[in-house]
Amino acid sequence: MEEKWFSGLPTKIIGRYVRCFKKATSTNDLAWLEVSRGAPEGTIIFADEQTKGRGRFGRSWFSPVGGLWTSIILKPQIPPEHGCLLMAIGAIAVCELIRDKFNLSAHIRWPNDVILNNKKVAGIIVEAKYLANKPEAMVLGIGFNVNIPKDKIPEELKDTFTSLSIEKNKEVDFRLLAGDFISYLDKWYQYMVQGQYETINSAWKEMSAVMDKQVIIKMQGKEWLGKVSDLDPCKGISLTLDSGEVKVFQGEYVESLRIK
Ligand code: BTN
């Protein structure tokens, strides 16, 4: 990727400052380095490959050449209880882009996976640093499997991983996709900073792959089976268990969710 691809982007915040690297441990590490150097809100970092890409719960993230590995520095002036929407807008932006530009039926598997045919095509992680109880900066990390062929997928990911090129059966124009990605994310970030929470909540719910489905949730070594009866990006997921009891789970504590 090259920084000049992004000069003159018509976006409001995201992509005002773009840094592209050939290789990084993790673009999130580079983003935090930029934060410490005073980088402005909307700074976006890309790396062609990551040697230590990270996912939620300290899991490693497979990041070969061909994926869109990116981290965005954000400093939203919103009430702390709405910070959780950042994860939601990341997932919505990717999901909407795939639907609009590739005509594929993308969904969000709660809380943060974008899926195609029940396989993960993108994952989102949000990291935040607080100063006196207010977020000083947040880093939105997105891993989007774009041009990764089937024969490059490690054995242990074969059943759960997909990419845009696999689903479309052809290579995707990476430059076009990266520009579109920034535009979609910028649009949803605007909704967030303008307080249009209902627009975000309803898009997120509509894109959800799990509403009304039987799912198994794993948290702190235990598993729960139930039907998803409500979803909210901040309040969590409500499961109606077989006993009739309704249990609410928060995204940040749930290790995995499987659709039954
Ligand atoms: C997950 O599903 O667990 C979240 C995965 C997030 C991966 C992206 S790739 C770009 C950024 N840099 C990282 O090290 N992680 C995120």
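## A buried valine, its helix and the core around them

V94 counts as buried, because its relative accessibility is 0%. This residue lies in helix 2 of what is a predicted model, and it makes a handy starting point for a walk through the fold. Leaving aside neighbours within four places in sequence, V94 is in contact with V114, A122, I142, F144 and F181.

Helix 2 covers residues 85-102. Just after helix 2 comes N103, which takes a positive phi of about 55 degrees.

In soluble globular proteins, nonpolar side chains tend to be buried together. Here, the largest nonpolar core has 69 residues, and those with the most contacts inside it are L68, I98, W110, F144, L164 and F181. Helix 2 gives the most to this core, with 13 residues. F144 shows what such a position looks like up close: not counting residues up to four places away in sequence, it touches G67, L68, W69, V94, I98, V121, A122, L164 and L177. Apart from this core lies another one, of 11 residues, among them L30, A31, A39 and I45.

Helix 5 (residues 197-207) is also worth a look. Its residues Y197, I200, N201, A203, W204 and M207 are buried. What covers them includes helix 2, strand 4 (107-109), helix 4 and strand 9.

### Aromatic rings and charges

The structure holds five aromatic pairs. One of them joins F62 and F161 in an edge-to-face arrangement, 5.6 Å centre to centre with 65 degrees between the planes. This pair links distant parts of the chain, 99 residues apart: F62 sits in the loop between strand 2 (43-50) and strand 3 (68-74), whereas F161 sits in the loop between strand 7 (134-144) and helix 3 (164-168). F62 counts as partly exposed because its relative accessibility is 23%, while F161 is buried at 8%.

The rings of W188 and Y191 have their centres 4.9 Å apart and their planes at 75 degrees, so this pair is edge-to-face. How far apart along the helix are these two? They are three residues apart in helix 4 (residues 174-193), so about one helical turn separates them. W188 is buried, with a relative accessible area of 4%, and Y191 is partly exposed, with 24%.

Elsewhere, ring pairs link W5, F6 and F46 into a cluster. Two lysines also meet aromatic faces. The charged end of K129 sits over the ring of W32, 4.1 Å from its centre, and K247 lies over the face of F249, at 5.4 Å from the ring centre.

### Cysteines

The structure holds one disulfide. It joins C84 to C234, with an S to S distance of 1.9 Å. The torsion about the S-S bond is about 95 degrees, so the disulfide is right-handed. C84 lies in the loop between strand 3 and helix 2, and C234 in the loop between strand 9 (222-232) and strand 10 (236-241), so the pair ties together parts that are 150 residues apart in sequence.

| Cysteine | Relative accessible area | Class |
|---|---|---|
| C20 | 15% | buried |
| C84 | 28% | partly exposed |
| C95 | 0% | buried |
| C234 | 23% | partly exposed |

Notes:
Residues numbered from 1 in each chain as written. Predicted model: local features only at pLDDT ≥ 70, side-chain atom pairs only at ≥ 80, totals over all residues. Heavy atoms only, no water. Helix = DSSP H or I, 4+ residues; strand = E, 2+ residues; numbered from the N terminus. Expected span 1.5 Å × (residues − 1). Phe/Tyr/Trp six-rings, centres within 6.5 Å; stacked < 30°, edge-to-face > 60°. Buried < 20%, exposed > 50% of the residue type's maximum accessible area, 1.4 Å probe, protein only. Lys NZ or Arg CZ within 6 Å of the ring centre and 35° of its normal. Core = buried A, V, L, I, M, F, W, Y, C linked by side-chain atoms within 4.5 Å. Contact = heavy atoms within 4.5 Å. Disulfide = S-S within 2.5 Å.
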